[in-house]
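Please consider the following structure, which will be read one feature at a time in the form of a dialogue.

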Amino acid sequence: MFQALLLTQSDDRATHAAVQPLDEAQLPEGEVRVAVAHSTVNYKDALAITGKSPVVRSFPMVPGIDFAGSVVESADARFKPGDAVLLNGWGVGEVHWGGLAQQARVKADWLVPLPAAFTTHDAMAIGTAGYTAMLCVMALQDRGVTPDAGAVLVTGANGGVGSIAIALLSRLGFEVHASTGRANEAAHLKALGAAEVIDRATLSAPGKPLQKERWAAAVDSVGSHTLANVCASLKYGGTVAACGLAQGMDLPATVAPFILRGVTLAGVDSVYAPQARRVSAWDRLARELPREVLAANTGTIGLADAVGLAPRLLAGQVRGRVVVDVAA
């Protein structure tokens, strides 16, 4: 038996979340069983736990799109008992039981060996949010964005993706501008490496199709009018790596920035990213993300606390990353 956060749905389609004991035999199919040490609560997890969006495709469901732990048993030669592993995405927590539990059984293809530089707590302090931030940085660099091109904007700066993106970009020599709705967090964002903090209200309302050129590139986890305004404000040849929809999944934009300034909108998907790309991202995180960033940007809670955290996360009241110690 093990403890898990289980989501069920009542006849009126309301989602109910509670920690309860489950049996190993209830785990879904997969080649590898993992003793989970740490997980985390991402934006998508918060949507699942609260039922605010239909991200869960079947019930009952164990949420948690991330986990890190050690292999207990494996039918795949790539992994053996005791190996430290992590997982991000692949529909886990949506269509396949996820990481907010003390046990998980998954496909071997979904696992990444835990870099030796990281503990399982470190890995979840980074989580899908930090891994996605690195994928965004890689997307900008793949398109030739360099520090001498100009400042890079990071929207949703206090969130998991935004905060790690700021830290990574600043340490790569970029001048980083951070957009946030929480002016009281300006000192924290500057400690992460932001050179300038701007009010998200300047980007979140409908704007002109083409605006003053301000940034060479951007990392956007917000979408909607914010992303449209970012595209309209990029310098000629600029690139925005788009990975989220905190404001909305719509994009009320025109083609003007793309055909008049050669702007590139680069979509970044972390859920089904190829294995080689995942390993590269995690290797770079191990080399380039200072540990002090994790310490200053991370809180830790127990498994039962995830239920109460979810609505606060959706309301934008959570700074940085939250690790879930599934044994607590």
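The dialogue below takes up a helix, the nonpolar cores, a pocket, individual residues and backbone geometry.

Q: What kind of model is this, and how are its residues numbered?

A: This is a predicted model, in which local features need pLDDT of at least 70 and side-chain atom pairs count only at pLDDT 80 or more, while totals for chains, interfaces and linings use all residues. Residues are numbered from 1 along each chain as its sequence is written, and side-chain values use heavy atoms, with hydrogens and water left out.

Q: How many residues does helix α3 have, and what span does it reach?

A: Helices (H or I, at least four residues) and strands (E, at least two) are DSSP runs numbered from the N terminus. The expected span of a helix is 1.5 Å times one less than its number of residues. Helix α3, residues 160-171, has 12 residues and reaches 17 Å from its first C-alpha to its last, close to the expected 16 Å. Glycine 173 follows α3 and has a positive phi, near 95 degrees.

Q: Is α3 enclosed by the rest of the structure or exposed, and which of its residues are buried?

A: Buried means under 20% relative accessible area, exposed means over 50%, and partly exposed lies in between (1.4 Å probe, protein chains only). In α3, 11 of the 12 residues are buried, so the helix is largely enclosed by the rest of the structure. Among the buried residues are Gly160, Ile164, Ala167 and Ser170.

Q: Which residues touch the most other members of the largest nonpolar core?

A: A nonpolar core is a set of buried Ala, Val, Leu, Ile, Met, Phe, Trp, Tyr and Cys residues joined through side-chain atoms within 4.5 Å. The largest core has 49 residues, of which Ile166, Leu168, Leu169, Val219, Trp282, Leu285 and Leu289 touch the most other members. Elements that give two or more residues to this core include α2 (120-142), α3, β11 (215-220) and α8 (275-288). The largest share, 14 residues, comes from α2. A second, separate core of 44 residues includes Ile49, Met61, Val106 and Val326.

Q: Which residues are in contact with leucine 289, leaving aside its neighbours within four places in sequence?

A: Contact means heavy atoms within 4.5 Å. With neighbours within four places in sequence left aside, leucine 289 is in contact with Ile126, Ile164, Ala167, Leu168, Arg284 and Leu294.

Q: Where is valine 34 found, and is this residue buried or exposed?

A: Valine 34 is found in strand β3, residues 32-40, and counts as buried because its relative accessibility is 0%.

A: Asparagine 42 lies in the loop between β3 and α1 (43-50) and counts as buried, at 7% relative accessibility. Leaving aside neighbours within four places in sequence, its contacts include Ile65, Asp66, Leu313 and Arg321.

Q: Where is arginine 312 found, and how far is its C-alpha from that of alanine 25?

A: Arginine 312 is found in helix α10, residues 305-314, and is partly exposed, with a relative accessible area of 40%. The C-alpha atoms of arginine 312 and alanine 25, 287 residues apart along the chain, are separated by 34 Å. With neighbours within four places in sequence left aside, arginine 312 is in contact with Gln317 and Val318.

Q: What is the volume of the second largest pocket, and which residues line this pocket?

A: Rolling a probe the size of a water molecule over the atoms shows where empty space is left. On a 1 Å grid over the protein atoms alone, a pocket is an open set of points where a 1.4 Å probe fits, with protein on both sides within 12 Å along at least five of seven lines; lining residues have an atom within 4 Å of a point. The second largest pocket has a volume of about 180 Å³, and its lining includes Gln9, Arg13, Gly51, Pro54, Arg57 and Phe59. By class, the lining has 6 nonpolar, 4 polar and 2 charged residues.

Q: Which peptide bond is cis, and what is the phi of arginine 13?

A: The peptide bond from phenylalanine 59 to proline 60 is cis, with omega near -5 degrees, and proline 60 is found in the loop between α1 and β4 (66-74). Arginine 13, a residue other than glycine, has a positive phi near 70 degrees. Arginine 13 is placed in the loop between β1 (2-9) and β2 (15-22) and counts as exposed, at 63% relative accessibility.

Key: Points joined across faces, edges and corners; volume = space filled by probe spheres on them. Nonpolar A, V, L, I, M, F, W, Y, C, P; charged D, E, K, R; others polar.
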